[in-house]
Amino acid sequence: MEDRFGALHFLAPVLAGSCTAFFTNGDDEILQRTWAREQGMSPNASLESILLAQIESHRTEVFYNLDPMRYSSEFVRKLPGCVRRTVAWRAAPSPGADFSRYDLVVCNFPTILKSYEARGWRAAYFAPAHDPVMDEYALNNDRPIDVLFVGGYSRHHTRRAAVLEAVAALRDHYRIEFCLNRSRFTRLAESPLGRLAPLGKYRRPKEIRAISRDPVFGRRLYSLISKSKIVLNGAIDMAGEDRGNMRCFEAMGCSALLLSDAGVYPDGMRDNETLLTYASPSKAHGLVRCVLNDWTCYAEMAKRATRVMRSLYNKEGQWEEFTRLVSDI
């Protein structure tokens with residue numbers, strides 16, 4: 001909770017430490033077994049049984065799950081009788097998944113929601129919310145990093161890879177940092193053994209490798225964004241035209257200028273008003289130059305974006321919307 005990883009999804013009662021809310025990471029074995037030991041459970045209890053015991057102990061009425069791929073309909077069938085409503089967040093295509101036993105599946109990507117409805121599942125739009133802790137990072141005006149990108153790199157990110165390569169070409173003129181979470185195939189392809197195999201399509205171009213570092217999360221991510229003028233973003237190839245991934249909320253919340261790919265964005269994320277969009281790698285390259293040559297002007301756009309995030313996507317509004325969705329089930 002202190003590190004804030006995932007805090008954009010955490011509902012207000014959780015962040016406030018309310019006794020009406022119980023929060024846990026069901027796949028964190030150390031955390032879960034510590035709780036189980038305190039409750040006198042068997043040391044051989046499965047993580048699933050521990051989570052079910054936590055729900056029953058809390059007398060949970062609404063089960064809100066951010067990991068339905070791990071806890072799908074089979075898990076929902078085992079929930080104790082105290083649970084009256086079940087809600088799952090899932091913002092990615094999920095072929096083969098079964099969320100049919102959930103009362104509601106939510107996310108902020110309309111196209112994905114339509115795919116859920118086509119499978120007979122009840123679905124609704126629900127957005128992440130500005131983490132109030134971001135406000136302390138948004139105040140920073142000392143931003144030595146010109147362009148920052150934080151995200152995944154794999155064979156599924158062909159459009160993103162092309163944009164990263166185009167922007168990386170500016171590394172001799174600006175300070176550019178890419179914090180990449182490389183896929184298993186990319187790590188293998190770039191290993192000494194992998195270089196002997198025909199895995200060239202999985203390797204990062206040398207321009208990208210030259211400015212890459214390890215991925216960052218939570219407060220380390222907030223801190224890095226607060227030191228950056230531009231945060232570069234790119235949707236994964238399977239996202240369609242919908243936009244609004246976590247990096248959008250994080251960049252705008254910490255007063256960096258979001259430079260992202262063209263598409264359909266949530267309310268408040270407007271091209272040339274609160275962010276800039278590109279339609280091609282060359283356009284992204286050109287926009288980086290344009291922004292950094294007139295940073296004072298674009299810094300005001302970044303600050304405007306933060307004000308919009310606080311207004312439209314605050315935690316109070318997110319909680320009100322969640323309670324409305326649950327009451328409508």
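Student: What volume does the second largest pocket have?
Tutor: The model is a predicted one. Rolling a probe the size of a water molecule over the atoms shows where empty space is left. For the second largest pocket, the volume comes to about 300 Å³.

Student: Which helix gives the most to the lining of the second largest pocket?
Tutor: The lining is made up of 18 residues. Those nearest the centre of the pocket are Tyr-125, Ala-127, Pro-266, Asp-267 and Tyr-313. With three residues, the helix that gives the most to this lining is H14 (residues 315–327).

Student: How do the residues of that lining divide into nonpolar, polar and charged?
Tutor: Tyr, Ala and Pro count as nonpolar, whereas Asp counts as charged. Over the lining of the second largest pocket, the division is eleven nonpolar, four polar and three charged.

Student: Why do the buried residues of helix H2 lie on the same side of H2?
Tutor: Within H2 (residues 29–38), the buried residues are Gln-32, Trp-35 and Ala-36. They are on the same side of H2 because the arc they cover around the axis is only 100°.

Student: Against which helix do the buried residues of H2 pack?
Tutor: On the other side of H2, Ile-30, Arg-37 and Glu-38 are exposed. The buried residues, among them Trp-35, pack against helix H3 (47–58).

Student: Which residue caps the N-terminal end of H2?
Tutor: Just after H2, Gly-40 has a positive phi of about 80°. At the N-terminal end, the backbone nitrogen of Ile-30 lies 3.3 Å from a side-chain oxygen of the capping residue, Asp-28.

Definitions and conventions: Residues numbered from 1 in each chain as written. Predicted model: local features only at pLDDT ≥ 70, side-chain atom pairs only at ≥ 80, totals over all residues. Heavy atoms only, no water. Buried < 20%, exposed > 50% of the residue type's maximum accessible area, 1.4 Å probe, protein only. Helix = DSSP H or I, 4+ residues; strand = E, 2+ residues; numbered from the N terminus. Arc of directions from axis to C-beta. Contact = heavy atoms within 4.5 Å. Polar contact = N/O pair within 3.5 Å; in protein donor to acceptor, adjacent residues only side chain to side chain. 1 Å grid on protein atoms, 1.4 Å probe; cavity = no way out; pocket = protein on both sides within 12 Å on 5 of 7 lines; lining within 4 Å. Points joined across faces, edges and corners; volume = space filled by probe spheres on them.
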